[in-house]
Amino acid sequence: MLREGGRALLVLLLAALAFKLVAALTVEREDPLAAWPTSDALYYVERARGLLGLKADPLAREAYHLPPLYPWVLAAVPGVQTGSWAGVRVLQAVAGTLALAGVYRLSRRRGSRAAALIAVGLTGLYGPLTFYQTRLLGD
(Lines give C-alpha, C1' and ligand atoms only; values in the text may rest on other atoms or scores of the structure.)
Protein backbone atom coordinates (compact mmCIF):
# COMPACT_ATOMS: atom_id res chain seq x y z
CA MET A 1 0.00 0.00 0.00
CA LEU A 2 2.79 2.42 0.86
CA ARG A 3 4.44 1.60 -2.46
CA GLU A 4 1.21 2.38 -4.29
CA GLY A 5 0.79 5.70 -2.49
CA GLY A 6 4.41 6.59 -3.02
CA ARG A 7 6.33 9.34 -1.34
CA ALA A 8 3.28 11.56 -1.16
CA LEU A 9 1.50 9.11 1.12
CA LEU A 10 4.60 8.67 3.24
CA VAL A 11 4.97 12.44 3.62
CA LEU A 12 1.30 12.82 4.55
CA LEU A 13 1.51 10.03 7.14
CA LEU A 14 4.69 11.45 8.68
CA ALA A 15 3.21 14.97 8.76
CA ALA A 16 0.04 13.66 10.39
CA LEU A 17 2.09 11.70 12.93
CA ALA A 18 4.13 14.80 13.78
CA PHE A 19 0.94 16.86 14.14
CA LYS A 20 -0.66 14.24 16.39
CA LEU A 21 2.48 13.79 18.51
CA VAL A 22 2.80 17.54 19.10
CA ALA A 23 -0.87 17.65 20.12
CA ALA A 24 -0.49 14.55 22.33
CA LEU A 25 2.61 15.76 24.13
CA THR A 26 1.46 19.33 24.74
CA VAL A 27 -2.14 18.68 25.74
CA GLU A 28 -1.53 18.57 29.50
CA ARG A 29 0.31 21.88 29.43
CA GLU A 30 -2.41 23.54 27.36
CA ASP A 31 -5.44 21.91 28.99
CA PRO A 32 -5.24 21.28 32.75
CA LEU A 33 -8.33 19.06 32.63
CA ALA A 34 -6.43 16.56 30.48
CA ALA A 35 -4.21 15.64 33.42
CA TRP A 36 -7.01 13.97 35.39
CA PRO A 37 -9.17 11.20 33.98
CA THR A 38 -12.88 11.52 34.64
CA SER A 39 -16.01 9.49 33.98
CA ASP A 40 -15.38 6.45 31.79
CA ALA A 41 -11.65 7.21 31.53
CA LEU A 42 -11.40 6.98 35.32
CA TYR A 43 -13.08 3.56 35.16
CA TYR A 44 -10.52 2.40 32.58
CA VAL A 45 -7.60 3.68 34.64
CA GLU A 46 -8.87 2.06 37.85
CA ARG A 47 -9.51 -1.18 35.98
CA ALA A 48 -5.98 -1.09 34.50
CA ARG A 49 -4.47 -0.50 37.93
CA GLY A 50 -6.54 -3.40 39.23
CA LEU A 51 -5.20 -5.63 36.47
CA LEU A 52 -1.67 -4.63 37.48
CA GLY A 53 -2.40 -5.49 41.11
CA LEU A 54 -1.84 -1.91 42.24
CA LYS A 55 -5.36 -1.47 43.48
CA ALA A 56 -8.23 -3.66 44.56
CA ASP A 57 -10.36 -4.42 41.53
CA PRO A 58 -14.00 -4.60 42.65
CA LEU A 59 -15.14 -5.04 39.05
CA ALA A 60 -12.92 -8.04 38.30
CA ARG A 61 -15.77 -10.55 38.44
CA GLU A 62 -18.44 -8.41 36.84
CA ALA A 63 -19.45 -8.43 33.20
CA TYR A 64 -17.91 -5.73 31.06
CA HIS A 65 -20.23 -2.82 30.36
CA LEU A 66 -17.59 -0.84 28.47
CA PRO A 67 -15.02 -1.97 25.88
CA PRO A 68 -12.94 -4.63 27.68
CA LEU A 69 -9.64 -4.35 25.78
CA TYR A 70 -8.81 -0.72 26.62
CA PRO A 71 -7.96 -1.35 30.32
CA TRP A 72 -5.60 -4.13 29.21
CA VAL A 73 -3.92 -1.74 26.76
CA LEU A 74 -3.60 0.88 29.51
CA ALA A 75 -2.08 -1.70 31.84
CA ALA A 76 0.55 -2.52 29.21
CA VAL A 77 1.64 1.09 28.65
CA PRO A 78 4.47 2.33 30.87
CA GLY A 79 3.58 5.30 33.05
CA VAL A 80 -0.07 4.49 33.66
CA GLN A 81 0.82 3.13 37.08
CA THR A 82 2.17 6.55 38.12
CA GLY A 83 -0.46 8.69 36.40
CA SER A 84 1.61 9.69 33.37
CA TRP A 85 -0.55 9.65 30.27
CA ALA A 86 2.13 10.58 27.70
CA GLY A 87 2.70 6.95 26.69
CA VAL A 88 -1.00 6.37 26.15
CA ARG A 89 -1.31 9.55 24.12
CA VAL A 90 1.68 8.62 21.95
CA LEU A 91 0.21 5.16 21.39
CA GLN A 92 -3.13 6.69 20.39
CA ALA A 93 -1.35 9.14 18.04
CA VAL A 94 0.41 6.24 16.33
CA ALA A 95 -2.86 4.29 16.10
CA GLY A 96 -4.57 7.35 14.61
CA THR A 97 -1.84 7.61 12.02
CA LEU A 98 -2.19 3.93 11.15
CA ALA A 99 -5.92 4.53 10.72
CA LEU A 100 -5.01 7.04 8.01
CA ALA A 101 -3.50 4.17 6.05
CA GLY A 102 -6.95 2.59 6.19
CA VAL A 103 -8.47 5.85 4.95
CA TYR A 104 -6.09 5.74 2.01
CA ARG A 105 -6.93 2.14 1.23
CA LEU A 106 -10.70 2.68 1.39
CA SER A 107 -10.50 5.89 -0.63
CA ARG A 108 -8.32 4.24 -3.24
CA ARG A 109 -10.91 1.50 -3.75
CA ARG A 110 -13.52 4.07 -4.72
CA GLY A 111 -11.42 6.78 -6.33
CA SER A 112 -8.15 7.85 -7.82
CA ARG A 113 -4.78 8.06 -6.12
CA ALA A 114 -5.11 11.84 -5.91
CA ALA A 115 -8.52 11.56 -4.25
CA ALA A 116 -7.15 9.06 -1.73
CA LEU A 117 -4.21 11.35 -0.90
CA ILE A 118 -6.57 14.30 -0.42
CA ALA A 119 -8.74 12.17 1.88
CA VAL A 120 -5.69 11.22 3.96
CA GLY A 121 -4.54 14.83 4.15
CA LEU A 122 -7.92 16.17 5.22
CA THR A 123 -8.53 13.40 7.72
CA GLY A 124 -5.02 13.78 9.16
CA LEU A 125 -5.53 17.48 9.77
CA TYR A 126 -9.08 17.20 11.06
CA GLY A 127 -8.87 18.88 14.46
CA PRO A 128 -11.64 17.12 16.40
CA LEU A 129 -10.26 13.70 15.47
CA THR A 130 -6.80 14.68 16.69
CA PHE A 131 -8.31 16.23 19.84
CA TYR A 132 -10.02 12.99 20.82
CA GLN A 133 -6.86 11.02 20.11
CA THR A 134 -5.17 13.05 22.86
CA ARG A 135 -7.79 12.03 25.40
CA LEU A 136 -8.18 8.79 27.27
CA LEU A 137 -11.08 6.81 25.90
CA GLY A 138 -14.37 8.05 27.31
CA ASP A 139 -12.99 11.33 28.63
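Author: One may begin with burial: a residue counts as buried when its relative accessible area is under 20%. The model shown here is predicted, and of the 139 residues of the protein, 32% count as buried.

Reader: Which elements does the protein have, from the N terminus on?

Author: The order is α-α-α-α-α-α; that is, there are six helices and zero strands. As for contacts between residues at least 6 apart in sequence, 67% join residues at least 24 apart.

Reader: How is the packing of two helices described?

Author: Two packed helices are described by the angle between their axes and by the distance between those axes. Here, helix 2 (residues 39-51) and helix 3 (residues 69-76) have axes that come within 8 Å and cross at roughly 60°. Helix 2 is therefore oblique to helix 3. The crossing of helix 2 past helix 3 is right-handed.

Reader: Which residues in helix 2 and helix 3 meet?

Author: Helix 2 contributes Tyr-44, Val-45, Arg-47, Ala-48 and Leu-51, which meet Tyr-70, Pro-71, Trp-72, Leu-74 and Ala-75 in helix 3. By class, this contact of helix 2 with helix 3 has nine nonpolar residues, one charged residue and no polar residues.

Key:
Residues numbered from 1 in each chain as written. Predicted model: local features only at pLDDT ≥ 70, side-chain atom pairs only at ≥ 80, totals over all residues. Heavy atoms only, no water. Helix = DSSP H or I, 4+ residues; strand = E, 2+ residues; numbered from the N terminus. Buried < 20%, exposed > 50% of the residue type's maximum accessible area, 1.4 Å probe, protein only. Contact = heavy atoms within 4.5 Å. Axes fitted to C-alpha atoms, helices over the stretch in contact; angles between N-to-C directions. Parallel < 35°, antiparallel > 145°, perpendicular 65-115°, else oblique. Left-handed = near helix turned anticlockwise from the far one by under 90°. Nonpolar A, V, L, I, M, F, W, Y, C, P; charged D, E, K, R; others polar.
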